[in-house]
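The sequence and the structure come first.

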Amino acid sequence: MTESQERAGADTRRTDGDTTSAAGTGTDGDATAGSGGDAQAVPAPPSPAFAPDSLVLNRKLPLWYQVSQSLRASILGRPRDASARLPTEEQLAAHYGVSVLTMRQALKELEAEGLISRHRRRGTFIEPRARRVSPVRLLGSVDAIVAQQSGEATTVLGHGPTAVPGDLAEFFPDCAEVTCYRRLRRDGQSDEPTNWAENAVRPDIAARIDVADLERWPMTKVLRDVVGVRISRITDTVEARLADPVTAELLQVPLLSPILHYTGVTYDEEGRVVDVARIRYRGDRFSFSVTVEAH
């Protein structure tokens, strides 16, 4: 037998051995997957890619701000198994319909906030211990409100129809009753209560709300993106108050300690009030700032 024939025979024997091992037909007792023996480990499926929410831009507001708030909401509200890696600047810019420079400014804002980290040649990543609470900056964007309330663990304390409260009668002149939702929000990392909310919603709108959605998303997002309400505007009022007994117990603060009391009135395109939100924020967890445009 020549040297080349010996090598061919050895290769054949090795191939046969490999085939026997893979097929599980050898005499050493190894079982194959599906033959009743130990199954081979199945690799875990890859994490789903991060998918930012869609955004309708308002040309009267800074584009970078709108994009940063929309992306912030997507980051804080993402599924827990979603990839921590963001698309590239170019991909995000194309998704939002803005320039790369605008997208870069929006990412810089989120990086300063501690939500993301950017690495040259590696990409942009969501910080595992990203801060979940930041100052509320009311700049006239519905997405800003959605972003602020995203990423917190929400528990629905109760819901159901009730007579229109006297102090809300002016908002629901054609309704005998509204559906009230009571929710408690906690910090996603420390589990510390941060705020609790009461929403009074028109009955015809409430009939289309799935309560489970309110444990995943803010009411504003549910109304706009799930129920399909075409929101025209939200009027906000913020004032300092003292914690009443219910608020003190829910937020775990001393009775009569300072809290921020937020009232948000949401209108649809027909000018009807569809939701009145009253939210009590712990005074040590939130601050508010407002930007007023000259034009």
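Buried means under 20% relative accessible area, exposed over 50%, and partly exposed in between, with a 1.4 Å probe and protein chains only. By this scale both Glu-269 and Arg-230 are exposed. The model is predicted: local features need pLDDT of at least 70, side-chain atom pairs count only at pLDDT 80 or more, and totals for chains, interfaces and linings use all residues. Residues are numbered from 1 along each chain as its sequence is written, and side-chain values use heavy atoms, with hydrogens and water left out.

**Overall fold**

The protein chain has 9 helices and 10 strands. Helices (H or I, at least four residues) and strands (E, at least two) are DSSP runs, numbered from the N terminus. Of the 295 residues in the protein chain, 42% are buried. Contact means heavy atoms within 4.5 Å. Among contacts in the protein chain with a separation of 6 or more, 60% are between residues 24 or more positions apart.

**Packing of α3 and α4**

Helix α3 (residues 89-96) packs against helix α4 (residues 100-113) at an angle of about 105 degrees, and their axes are 9 Å apart. Axes here are lines fitted to C-alpha atoms, for helices over the stretch in contact, and angles run from 0 to 180 degrees between N-to-C directions. The two helices, α3 and α4, are therefore roughly perpendicular to each other; angles under 35 degrees count as roughly parallel, over 145 as roughly antiparallel, 65 to 115 as roughly perpendicular and the rest as oblique. On the α3 side the contact is made by Glu-89, Glu-90, Leu-92, Ala-93 and Tyr-96, and on the α4 side by Val-100, Met-103, Arg-104 and Leu-107. By class, the contact of α3 with α4 has 6 nonpolar, no polar and 3 charged residues. In this classification Ala, Val, Leu, Ile, Met, Phe, Trp, Tyr, Cys and Pro count as nonpolar, Asp, Glu, Lys and Arg as charged, and the others, Gly among them, as polar.

**Salt bridges**

A salt bridge is a side-chain nitrogen of Lys or Arg within 4 Å of a carboxyl oxygen of Asp or Glu.

| Salt bridge | Closest N and O atoms |
|---|---|
| Arg-280 and Glu-198 | 2.9 Å |
| Asp-225 and Arg-224 | 2.8 Å |
| Glu-269 and Arg-230 | 3.0 Å |

Glu-269 lies in the loop between β8 and β9 and Arg-230 in the loop between α8 and β7 (231-242), so the pair ties together parts that are 39 residues apart in sequence. Salt bridges that share partners also join Asp-174, Arg-202, Asp-204, Asp-268, Glu-270 and Arg-272 into one network.

Asp-268, a member of that network, has its place in strand β8 (residues 258-268). At 7% relative accessibility, Asp-268 is buried. Not counting residues up to four places away in sequence, Asp-268 touches Val-229, Arg-230, Ile-231, Ser-232 and Val-274.

Arg-280 and Glu-198 form a salt bridge that links distant parts of the chain: Arg-280 is in strand β9 (residues 273-282) and Glu-198 in strand β6 (residues 193-201), 82 residues apart. Arg-280 is buried, with a relative accessible area of 11%. A polar atom of the Arg-280 side chain lies 3.4 Å from the backbone oxygen of Arg-278. With residues up to four places away in sequence left out, Arg-280 touches Thr-194, Asn-195, Trp-196, Glu-198, Thr-247, Leu-251, Ile-259, Leu-260 and His-261.

Asp-225 lies in helix α8 (residues 219-227). Asp-225 is partly exposed at 41% relative accessibility, and Arg-224 is partly exposed with a relative accessible area of 25%.

**Positive phi values**

Which residues other than glycine have a positive phi, near 70 degrees or near 60 degrees? Arg-121 has phi near 70 degrees and lies in the loop between β1 (116-119) and β2 (123-126). Arg-121 is exposed, with a relative accessible area of 79%. Gln-252 has phi near 60 degrees and lies in the loop between α9 (245-251) and β8. At 54% relative accessibility, Gln-252 counts as exposed.

Note on methods
Polar contact = N/O pair within 3.5 Å; in protein donor to acceptor, adjacent residues only side chain to side chain.
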